Amino acid sequence: MAATAFLAACGEQPTGNNSNTGNTANAANANTAAPAQTLSVGEVPQHIKDMMAARGEQDKAAPTLKIAAPAEGATVESSTVKVKLDLSGDLKGYKPHMDHETKMGNHIHVILDNQPYEAYYNLDSEFELRNVADGEHTLRVFASRPWHESYKNDGSFQMVRFTVKNGGADATKPATTANGQQMSNANANSNANAAPTPEGKAMAESKAGDVDPKKPLLTYSRPKGEYKGRDADPIMIDFWLANAKLTGDGGEYRVRYSVDGGEAKFIEKWEPLWLKGWTTGKHTIKLELVDKDGNLVDNGGYNSTTREINIVN
Ligand SMILES: [Cu+2]
């Protein structure tokens, strides 16, 4: 994995429309200032379009998820919380599964409280949230494509609240990762039929927000983790919206985003947004649900979320 250390941020010529510059797609407008980055809205990249085409009808599926465990309102007396999901609906061939070679595949995004999501690939085996702290928690799940774009039909998204009591989580244990694209770990046990070690992960300490499931709720999904190569430019912003319609979809809300604390921009239609022009290094992305006047619509703190990503190239 030739991690060529790579000092391109300064002095590159503007890359204009970077058709296929691979690792060198960066620093769009860096005249001399170091990590200057000018992002613009780009197209769905060709390799994603190719995957869409190869999937036939699957992209038009309407998967329905049910959280079988933990049950809404459940008390779990363990710091290991087993997640069990049922998938039904109009699937058109949609099935979570990781391809061993590409390490990609349909999967479910699983979110404890407002942490970065974890990927869940094999619904036939349980998924474990490990080291979950005592207290109240929310769990959110939704169906996702191999390139992490969520299915946005009713029923794809589910949320429950549960409580961990006397779970014995080790509070000194550090969060497993803040920068991890942990997808590839999920298949440590991927020899399909072998006695399943459940997928799962130790969780950072967190608590539920005071979320009202009937109120507008923005769930941050992408970007997250580490990006390299063709995946690093453009990068997709994607989220789940419950109980709220954006202005461009006939509603009254907007999603406001900003990168690296810069100028706020707005998303007015609920669909993935591909941004190009990323420079190598760490970046923060903030996503917020706002009303027509630009005021944050609060819901337990979840409607304003900032994540850090790392572009390694
Ligand atoms: Cu994903």
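**Entry 1. Strand S16 and its partners**

I began with Ile237, which stands opposite Leu273 in S16. The model I am reading is a predicted one. I then looked up the strands behind this contact: strand S13 (residues 235-242) and S16 run antiparallel and are joined by three bridges. S16 also pairs with strand S1. Strand S1 (residues 40-41) and strand S16 (residues 273-276) are antiparallel, with two bridges between them. In S16, I found Lys276 opposite Ser40.

**Entry 2. The five-stranded sheet**

I next traced an open sheet of five strands, whose order is S3-S9-S8-S5-S6 and whose pairing is mixed. Its edges are strand S3 (75-76) and strand S6 (118-120), each of which pairs on one side only. I recalled that strands of a sheet pair through backbone hydrogen bonds, either parallel or antiparallel.

I went through the pairings in turn. S8 and S9 run antiparallel and are joined by seven bridges; Gly135 stands opposite Val164 in S9. S5 and S8 are likewise antiparallel, with six bridges. S5 and S6 pair in the antiparallel sense over three bridges.

Nine of its ten residues are buried, so S8 is largely enclosed by the rest of the structure.

**Entry 3. The copper site**

Which residues coordinate the copper ion? I found His107 (NE2), His109 (NE2), Tyr117 (OH) and His148 (ND1), at 2.0 to 2.8 Å. Along the chain, these donors follow the spacing H-x1-H-x7-Y-x30-H. His107 belongs to strand S5 (residues 107-112), whereas His148 lies in the loop between strand S8 (135-144) and strand S9 (158-164), so the pair ties together parts that are 41 residues apart in sequence. Both His107 and His148 are buried.

I then examined the geometry. The angles among the four donor atoms of the copper ion run from 84 to 149°, and the site is irregular. To count as tetrahedral, four donors would need all angles between 85 and 135 degrees. For reference, the ideal angle for four tetrahedral donors is 109.5 degrees.

**Entry 4. Aromatic pairs**

I searched the whole structure and noted five aromatic pairs. One of them joins Tyr120 and Phe127; this pair is tilted, with 4.9 Å centre to centre and 45° between the planes. Tyr120 and Phe127 are both buried.

Why is the pair of Phe142 and Phe157 stacked? The ring centres of Phe142 and Phe157 are 6.4 Å apart and their planes are at 20°, so the pair counts as stacked, the limit being planes under 30 degrees apart. Phe142 lies in strand S8 and Phe157 in the loop between S8 and S9, so this pair ties together parts that are 15 residues apart in sequence. I found both Phe142 and Phe157 buried. I also recorded one aromatic cluster formed by Phe142, Phe157, Trp240 and Trp270.

**Entry 5. Charges over rings**

Finally, I looked up arginine side chains placed over aromatic rings. Arg145 lies over the face of Tyr151, at 3.9 Å from the ring centre. In a further case, the charged end of Arg307 sits over the ring of Tyr220, 4.9 Å from its centre.

Notes. Residues are numbered from 1 along each chain as its sequence is written. This is a predicted model: local features need pLDDT of at least 70, side-chain atom pairs count only at pLDDT 80 or more; totals for chains, interfaces and linings use all residues. Side-chain values use heavy atoms; hydrogens and water are left out. Donors are N, O and S atoms within 2.8 Å of the metal (3.2 Å for Na, K and Ca); water is not among the atoms, so sites may look incomplete. Four donors count as tetrahedral if all angles lie between 85 and 135 degrees; four count as square planar and six as octahedral if opposite donors are over 155 degrees apart and all others between 65 and 115; anything else is irregular. Helices (H or I, at least four residues) and strands (E, at least two) are DSSP runs, numbered from the N terminus. Buried means under 20% relative accessible area, exposed over 50%, partly exposed in between (1.4 Å probe, protein chains only). Two strands pair if DSSP finds at least two bridges between them. Rings of Phe, Tyr and Trp (its six-membered ring) pair if their centres lie within 6.5 Å; planes under 30 degrees apart count as stacked, over 60 as edge-to-face and the rest as tilted. A charge sits over a ring if NZ of Lys or CZ of Arg is within 6 Å of the ring centre and within 35 degrees of the ring normal.
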